[in-house]
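Welcome! Please take a moment with the sequence and the 3D view below, and then read on for a short tour.

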Amino acid sequence: MKYKCKETFSFENCCFGDDDAAEERITVPAASIWEKTDDNFIGGDIHLDSEDGLYWIEISRYRLKKYFEEEGEGKDEQEK
């Protein structure tokens with residue numbers, strides 16, 4: 001299933017074993033497209049891969065609901 005980010009948000013990087021990366025923040029831009037997969041690397045509720053395949057994130061169900069919508073949602077409203 002694909003999801004579109006509704007608004008830009010950021011969170012702390014949870015990169016194990018890399019002290020420099022652990023201090024960075026991950027920013028997910030509005031309108032970016034992500035695909036939900038069954039992968040799970042760090043124990044997040046939801047694993048999403050970026051559409052271009054270069055990035056992945058694991059987020060809580062709360063963040064998925066707050067910041068994402070299923071791809072295609074809202075199109076009927078925009079077309080009216």
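## Before we start

A residue is called buried when its relative accessible area is under 20%, exposed when it is over 50%, and partly exposed in between, using a 1.4 Å probe and protein chains only. The model is predicted, so local features need pLDDT of at least 70 and side-chain atom pairs count only at pLDDT 80 or more, while totals for chains, interfaces and linings use all residues. Residues are numbered from 1 along each chain as its sequence is written, and side-chain values use heavy atoms, leaving out hydrogens and water.

## The open sheet

Let us begin with the strands, which are DSSP runs of E with at least two residues, numbered from the N terminus. Five of them form an open sheet in the order β6-β5-β4-β1-β7, with antiparallel pairing. Two strands are said to pair if DSSP finds at least two bridges between them. At the edges sit β6 and β7 (68-70), each pairing on one side only. Neighbouring strands of this sheet are turned by 35° against each other on average, direction ignored; here the axes are lines fitted to C-alpha atoms.

## Strand β5 and its partners

Strand β5 covers residues 46-50 and is joined to β6 by four bridges, the two running antiparallel. Within this pairing, L48 has I57 of β6 as its bridge partner. β5 also pairs with β4 in the antiparallel sense, over four bridges, and there E35 stands opposite D49 of β5. Four of the five residues of β5 are buried, so this strand is largely enclosed by the rest of the structure.

S50 belongs to β5 and counts as buried because its relative accessibility is 9%. The S50 side chain reaches the backbone nitrogen of L54 at 3.3 Å, a polar contact being a pair of N or O atoms within 3.5 Å, one able to donate a hydrogen and the other to accept it. The hairpin of β5 and β6 has five residues between the strands, and in it G53 takes a positive phi near 80°.

## A31 in its loop

Another positive phi, of about 75°, is found at A31, although A31 is not a glycine. This residue lies in the loop between β3 and β4. With 47% relative accessibility, A31 counts as partly exposed.

## The largest pocket

A pocket is an open set of points on a 1 Å grid where a 1.4 Å probe fits, with protein on both sides within 12 Å along at least five of seven lines; lining residues have an atom within 4 Å of a point. The largest pocket holds about 470 Å³ of space, a volume being the space filled by probe spheres set on the points.

Its lining has 25 residues, with F11, N13, I26, W56 and I57 nearest the centre. Elements giving two or more residues to this lining are β2 (9-12), β3 (25-28), β4 (33-37) and β6 (56-59). The largest share, four residues, comes from β6.

Conventions: Axes fitted to C-alpha atoms, helices over the stretch in contact; angles between N-to-C directions.
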